[in-house]
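Please look through the model below before reading the points.

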Amino acid sequence: MSFVDNTFKGLPEQLLNTFGIDVTYIKTATSQTYNTTTGEVSGSDTNISMKALISNVSGSTYEGSSQSTDLRIIFGNKELGTYYPKVKDRIQYA
């Protein structure tokens, strides 16, 4: 790591702990099954508690491709490790 990396590597965690809100990151189960008779989907999701920053996004703010109901969610990678977020994952917050 470079001097800059060593100097600022703790900054994101400090900012999230200070300004972030509690959220639950929900990893969708990797193996889900669908019961055609009952219509139920089975498979257990994984919930991860973390801090995140949530803000509104306007069309002009993010490459002009967002809607007025979109949100920008910023969170660190410490809690997810090497896991890369998937489209079916969700974030729950109050």
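1. Lys27 lies over the face of Tyr83, 4.2 Å from the ring centre. Lys86 also lies over the face of Tyr83, at 4.9 Å from the ring centre. A charge sits over a ring if NZ of Lys or CZ of Arg is within 6 Å of the ring centre and within 35 degrees of the ring normal.

2. This is a predicted model: local features need pLDDT of at least 70, side-chain atom pairs count only at pLDDT 80 or more, and totals for chains, interfaces and linings use all residues. Residues are numbered from 1 along each chain as its sequence is written, and side-chain values use heavy atoms, with hydrogens and water left out.

3. The structure holds 1 aromatic pair. Tyr25 and Phe75 form this pair, which is tilted, with 5.6 Å centre to centre and 55° between the planes. Tyr25 lies in strand β1 (residues 21-27) and Phe75 in strand β5 (residues 71-75), so the pair ties together parts that are 50 residues apart in sequence. Rings of Phe, Tyr and Trp (its six-membered ring) pair if their centres lie within 6.5 Å; planes under 30 degrees apart count as stacked, over 60 as edge-to-face and the rest as tilted. Strands (E, at least two residues) are DSSP runs, numbered from the N terminus.

4. Tyr25 is buried at 3% relative accessibility, while Phe75 is partly exposed at 26%. Buried means under 20% relative accessible area, exposed over 50%, partly exposed in between (1.4 Å probe, protein chains only).

5. Thr28 is found in the loop between β1 and β2 (33-34), and is buried, with a relative accessible area of 13%. A polar atom of its side chain lies 2.6 Å from the backbone oxygen of Lys88.

Note on methods: Helix = DSSP H or I, 4+ residues; strand = E, 2+ residues; numbered from the N terminus. Polar contact = N/O pair within 3.5 Å; in protein donor to acceptor, adjacent residues only side chain to side chain.
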